[in-house]
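Hello,

Here is the structure I promised to pass on to you. Please have a look at it first, and then read on for what turned up.

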Amino acid sequence: MRLHLLVPLLLAACATAPVTPPRSPAPPPRPEVLRLQRPAGGEWLGLFLLGQKAGWLHADTVEDSFEGRPAIRAEISLALELQVGGNVARRTSVDRRWYERREGGRLLGFEAIRRGDGGNRHVAGSCDEARCAIAIADEGGVVHITVPLPPETADDADPVRLAAARRGTVAAVWLDLDELEEKRASHRFDGEEGGLARVITEEGGETFVTLLDEKGATREVQLGPGLLAVAASEEEARAIGTPADVFALTSVPVPDPLPEAPAAVVFEIEGLPERLWREDGRQRFEALGGGAVRVRIVAEPAATAAAEDDFALYKSFLRTSPSVDWDTPAVRALADAIRAEAASPRALAEALVLHVHERLEKVYGASSDRASRVLREGKGDCTEHALLFVALARAAGLPARQVHGLALADGGAGRALYWHEWAEVHLEGGWVAVDPTFGQFPADATHLALGQERDAGATRVLGQLRIRKATAPPVPAASFR
């Protein structure tokens with residue numbers, strides 16, 4: 001029977017039958033991520049760097065609302081307090097994300113708050129089915145941008161605990177709220193360890209381990225041999241005491257004397273895993289057995305086009321980003337002025353290195369997370385020097401990227417290798433290492449590169465490296481290849 005033929009019968013029934021109030025629809029089942037066992041009120045963890053207290057972390061996933069819609073809110077708060085070069089650096093961050101309150105619910109919005117060392121910044125986003133509208137506010141004003149809707153879902157609100165509950169693997173994707181880029185990770189249940197569920201996270205080539213108890217509480221997160229997050233009460237987690245001295249804890253003594261700014265160096269190193277062997281025109285690695293490696297470094301090899309140097313990659317190191325904001329008027333104007341005086345790309349790169357070196361006051365514990373702010377405040381440590389150089393180089397049309405690792409310097413632990421950041425600029429078919437902090441073009445051969453840009457893998461070997469031999473051979477660069 002067609003529907004329109006039922007209408008008279010329905011009307012008659014309504015006229016003669018007792019009226020029954022309509023039933024309210026049954027509420028939808030709570031999504032799995034909200035049914036997981038977790039501590040009420042969230043969980044607190046203390047952060048330790050090589051056994052010394054360095055900060056705290058608080059995380060929670062709860063029912064909430066976003067712009068009037070039922071939502072799941074995932075929140076992580078983090079605080080770090082460290083001594084850097086005699087100064088105390090303090091940084092707090094809060095990330096909040098809201099998802100539709102249903103299975104597979106999409107991202108509705110987010111908020112990121114940054115305070116203290118690195119500058120104050122607030123990022124707020126609201127998402128529809130296609131894109132997210134974002135407002136980025138800091139001391140320089142407010143910038144509005146849009147990005148495509150990332151494919152993260154309600155499962156990404158708590159993927160580690162979800163993997164433990166499912167006894168399986170959960171793939172996660174999320175929008176990095178600092179660089180506004182998509183990130184991916186895999187979380188895999190790996191059995192039990194002393195009655196605790198063990199979940200292995202693989203992200204960007206790195207591996208982290210989380211241990212959860214039978215009530216779903218995080219007991220420990222192993223971020224690396226020297227980085228650990230341990231469950232604690234709120235009072236215990238927030239108590240830091242004397243901040244850990246980063247230079248004293250992470251310096252790597254060099255047993256043999258080396259000349260100033262050598263053109264070539266050979267290190268024999270213990271504790272450097274193969275995944276951090278950054279082979280390129282400057283560095284060559286050779287396994288020695290027993291966990292040791294020999295690395296040969298030259299300050300400036302003959303120009304070589306590395307296998308990674310395709311056009312897409314080349315262009316990626318010319319782009320602007322929330323931190324490398326070279327398209328701001330002040331950064332662009334300075335780059336244009338320096339470029340106007342340079343006779344060649346190489347001369348331009350060297351001029352930029354020297355300008356940043358001379359312009360910025362050398363101050364530890366006063367960092368900035370945007371190149372435009374570094375330029376405005378005129379001070380910082382190696383991170384700010386590298387960041388401003390990269391922004392100016394890109395504004396001037398030179399592909400450039402930040403690099404981190406170890407470099408020889410005189411510091412609180414004497415003459416040793418210290419954790420450091422510098423830059424690489426693409427010239428004449430290859431990448432050239434430069435150090436605007438030290439004013440070196442090119443950077444000397446004691447610079448051992450372990451990672452680039454926001455890759456944090458090298459932090460996992462903090463406190464684990466030992467130099468057993470160091471020499472500066474008087475040989476030409478060509479003999480190293």
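Let me start with a pair of cysteines: C127 is buried, and C132 is buried as well. The model you have is a predicted one, so please read everything below with that in mind.

These two cysteines belong together. C127 and C132 form a disulfide, with 2.1 Å between their sulfur atoms. A disulfide is a covalent bond that joins the sulfur atoms of two cysteines. The link of C127 and C132 is right-handed, with 100° about the S-S bond. How many disulfides does a search of the whole structure find? The search finds one.

Another cysteine to look up is C382. Its relative accessible area is 14%, which is under 20%, so C382 counts as buried.

Residue 382 also brings us to a helix pair, as helix 10 covers residues 382-395. Its partner is helix 7, residues 329-340, and the two pack at an angle of about 70°, with their axes 8 Å apart. That angle makes helix 7 roughly perpendicular to helix 10. The crossing of helix 7 past helix 10 is right-handed.

Which residues make the contact? From helix 7 they are V331, R332, L334, A335 and R339, while helix 10 brings A391, L392 and A395. Sorted by class, the contact of helix 7 with helix 10 has six nonpolar residues, two charged ones and no polar ones.

Enjoy exploring, and write back whenever you like.

Best wishes

Definitions and conventions: Residues are numbered from 1 along each chain as its sequence is written. This is a predicted model: local features need pLDDT of at least 70, side-chain atom pairs count only at pLDDT 80 or more; totals for chains, interfaces and linings use all residues. Side-chain values use heavy atoms; hydrogens and water are left out. Axes are lines fitted to C-alpha atoms, for helices over the stretch in contact, and angles run from 0 to 180 degrees between N-to-C directions. Helices (H or I, at least four residues) and strands (E, at least two) are DSSP runs, numbered from the N terminus. Angles under 35 degrees count as roughly parallel, over 145 as roughly antiparallel, 65 to 115 as roughly perpendicular and the rest as oblique. A crossing is left-handed if the near helix is turned anticlockwise from the far one by less than a right angle, and right-handed if clockwise. Contact means heavy atoms within 4.5 Å. Ala, Val, Leu, Ile, Met, Phe, Trp, Tyr, Cys and Pro count as nonpolar, Asp, Glu, Lys and Arg as charged, and the others, Gly among them, as polar. A disulfide is a pair of cysteine sulfur atoms within 2.5 Å. Buried means under 20% relative accessible area, exposed over 50%, partly exposed in between (1.4 Å probe, protein chains only).
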